[in-house]
Amino acid sequence: LDATGTIAQIEQLLHIKINIYTDRNGHTYYANSNEPVLPGMLASQVLSINGLNNATHWYHESYSTHSSAGKADAQGTTCPPPNQDGLSPEQFASAYHVDSLYRSGNRGEGQSIALFELSAWQRSDLNAYTACFGHSHTPVQIIKTGSKSPPLNREGETDAELVLGAAPRLGALKIYETANDESNYLSQWAQIIQDAPAVVASSWNQCELDITPQVVQQENIFFQLAALQGQSILAAVGAPGSTACPGDSNSTPISTGIVDPAAQPFVTAVGGTALLRTHSSYDYETTWDEGTAGGGMSRYWTLPDWQRMVGVPDPVYSSTVPCAPFTEHSGKYCREVPDVALNANPEHGYWVYCKTGDGCDRNKPWTVTGGTAAATSLWAVLAALT
């Protein structure tokens with residue numbers, strides 16, 4: 001339930017005081033100074049009250065750029081050449097044997113993928129990308145949610161390019177956009193759960209240690225509903241030292257800062273590998289980014305029963321991290337992430353087109369990129385094809 005009002009009305013209704021604060025980095029924000037109060041009859045029916053502050057912002061997992069080539073534009077004739085540094089959609093399909101799905105008639109027909117975005121982007125770059133990798137005629141639907149307009153950010157268009165390149169005949173790509181604050185963030189998840197697209201990918205995250213328990217609990221309700229509806233939610237786990245969660249003083253060697261929503265037990269957490277290949281053929285994969293695939297141990301959630309398998313739980317670290325403050329007891333083992341992984345190595349990453357946004361090169365718009373955000377978009381494609 002969304003509600004708006006003046007500061008005075010909210011203060012009177014919830015018996016709180018809204019103040020202006022300054023954080024250690026000099027950023028100002030507003031927040032309530034005490035917990036809200038509701039009548040007992042109503043309070044028993046309310047899980048959480050969110051949106052009383054604008055302190056929390058989510059971060060899109062960064063795309064790591066390795067190289068650039070070509071001078072193509074929307075009408076250009078130069079497309080990125082086949083080489084060992086960058087994977088075209090066809091090379092990705094060959095390396096991971098997705099082309100066998102194509103040959104059997106599974107190219108995404110009739111399926112939809114939704115992208116969760118907290119930013120907007122320019123459509124011209126996407127048109128230029130599909131001009132080179134133009135076997136996709138997928139309708140792209142922009143769905144604006146929430147009460148505010150999102151800022152421009154190039155990351156969302158890269159998410160879309162990778163999906164359209166790898167799912168040649170996807171039935172629909174739905175891109176949800178809203179402003180980057182607590183209220184709009186949760187409202188957008190509510191809209192996605194209501195619309196019920198089959199596959200949802202998000203590379204926007206926040207450190208588990210920084211996000212409020214109320215948001216985590218509300219998300220958990222959404223993701224349980226998504227699971228009951230047959231939706232697959234995929235989220236990037238990030239990499240050690242990422243913007244959202246650079247780590248904390250209590251971290252273990254394999255718990256360098258876990259992000260939400262990837263750690264949620266009803267979400268498929270996507271990590272990164274380094275793919276080694278000869279031409280377009282799969283050679284082998286190894287861990288990426290300092291010997292891990294990203295992720296580690298959740299500080300909130302215990303190990304789900306379905307995750308008990310060979311190699312999980314980790315015998316050394318899994319019982320040393322306190323977890324699950326939302327349950328009656330900590331439990332011996334914590335949820336481990338990621339659940340799946342895929343090539344995220346920018347040195348052998350994916351060709352994308354970026355000319356009009358911040359950080360783009362107008363003269364060399366074709367770049368090779370990687371990161372767990374790329375892996376998340378491509379795992380969404382695999383889920384839709386399956």
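# A tour from the aromatic cluster outward

Start with Trp 58, Phe 116, Tyr 185, Trp 189 and Phe 223, which ring pairs link into a cluster. Keep in mind that this is a predicted model.

**Stop 1: the aromatic cluster**

The count of aromatic pairs in the structure is eleven. Select Trp 58 and Tyr 185. Their ring centres lie 3.9 Å apart and their planes meet at 10°, so this pair is stacked. Trp 58 is in the loop between helix H2 (40-43) and strand E3 (59-60), while Tyr 185 is in helix H7 (residues 182-195). The two are 127 residues apart, and the pair links distant parts of the chain.

Are these two side chains buried or exposed? Trp 58 is buried, at 2% relative accessible area. Tyr 185 is buried too, at 0%.

Trp 189 belongs to helix H7 and Phe 223 to helix H8, so the contact ties together parts 34 residues apart in sequence. Trp 189 has a relative accessible area of 0% and is buried. Phe 223 also counts as buried, again at 0%.

**Stop 2: the surface of H8**

Follow helix H8 (residues 213-228) to Leu 225. This residue is partly exposed, with 39% relative accessible area. With Leu 225 they form a nonpolar patch on the surface.

**Stop 3: salt bridges**

How many salt bridges does the structure hold? There are five.

Select Glu 177 and Lys 144. Their side chains meet in a salt bridge, 2.8 Å from N to O. Glu 177 sits in strand E8 (residues 172-177) and Lys 144 in strand E7 (residues 140-144), and this pair links distant parts of the chain, 33 residues apart. Colour by accessibility and compare the ends. Glu 177 is buried, at 3% relative accessibility. Lys 144 is exposed, at 58%.

Next, select Arg 103 and Asp 99. The closest N and O atoms of this salt bridge are 3.7 Å apart. Why are the two separated by about one helical turn? Because they are four residues apart in helix H4 (residues 99-103). The general rule is that an α-helix has 3.6 residues a turn, so residues three or four places apart point the same way. Arg 103 is exposed, with 65% relative accessibility.

Then go to Lys 17 and Glu 11. This salt bridge spans 4.0 Å from N to O. Lys 17 is partly exposed, at 45% relative accessible area, whereas Glu 11 is buried, at 17%.

**Stop 4: helix H6**

Select residues 155-166, which make up helix H6. The helix has twelve residues. From its first C-alpha to its last it reaches 17 Å, close to the 16 Å expected at 1.5 Å a residue. Now show the surface around it. Twelve of the twelve residues are buried.

**Stop 5: the disulfides**

The structure holds two disulfides. Begin with Cys 79 and Cys 132, joined with an S to S distance of 1.9 Å. The torsion about their S-S bond is about -90°, so this disulfide is left-handed. Cys 79 lies in the loop between strand E4 (64-69) and strand E5 (86-87), and Cys 132 in helix H5 (residues 123-132), so the bond ties together parts 53 residues apart in sequence. Check the cover on each cysteine. Cys 79 is partly exposed, at 35% relative accessibility. Cys 132 is partly exposed as well, at 22%.

Move on to Cys 354 and Cys 360. A disulfide joins them, with 1.6 Å from S to S. Which hand does this link have? It is left-handed, with -45° about the S-S bond. Cys 354 is buried, at 1% relative accessible area. Cys 360 counts as buried at 17%.

End the tour at Cys 334. This residue is buried, with a relative accessible area of 0%.

Definitions and conventions: Residues are numbered from 1 along each chain as its sequence is written. This is a predicted model: local features need pLDDT of at least 70, side-chain atom pairs count only at pLDDT 80 or more; totals for chains, interfaces and linings use all residues. Side-chain values use heavy atoms; hydrogens and water are left out. Patches are made of residues with over 30% relative accessible area and no salt bridge: like charges are joined within 9 Å, nonpolar side chains (Val, Leu, Ile, Met, Phe, Trp, Tyr) within 5 Å. Accessible areas come from the Shrake-Rupley method with a 1.4 Å probe; for residues, only the protein chains shown count as cover. Buried means under 20% relative accessible area, exposed over 50%, partly exposed in between (1.4 Å probe, protein chains only). Rings of Phe, Tyr and Trp (its six-membered ring) pair if their centres lie within 6.5 Å; planes under 30 degrees apart count as stacked, over 60 as edge-to-face and the rest as tilted. The expected span of a helix is 1.5 Å times one less than its number of residues. A disulfide is a pair of cysteine sulfur atoms within 2.5 Å.
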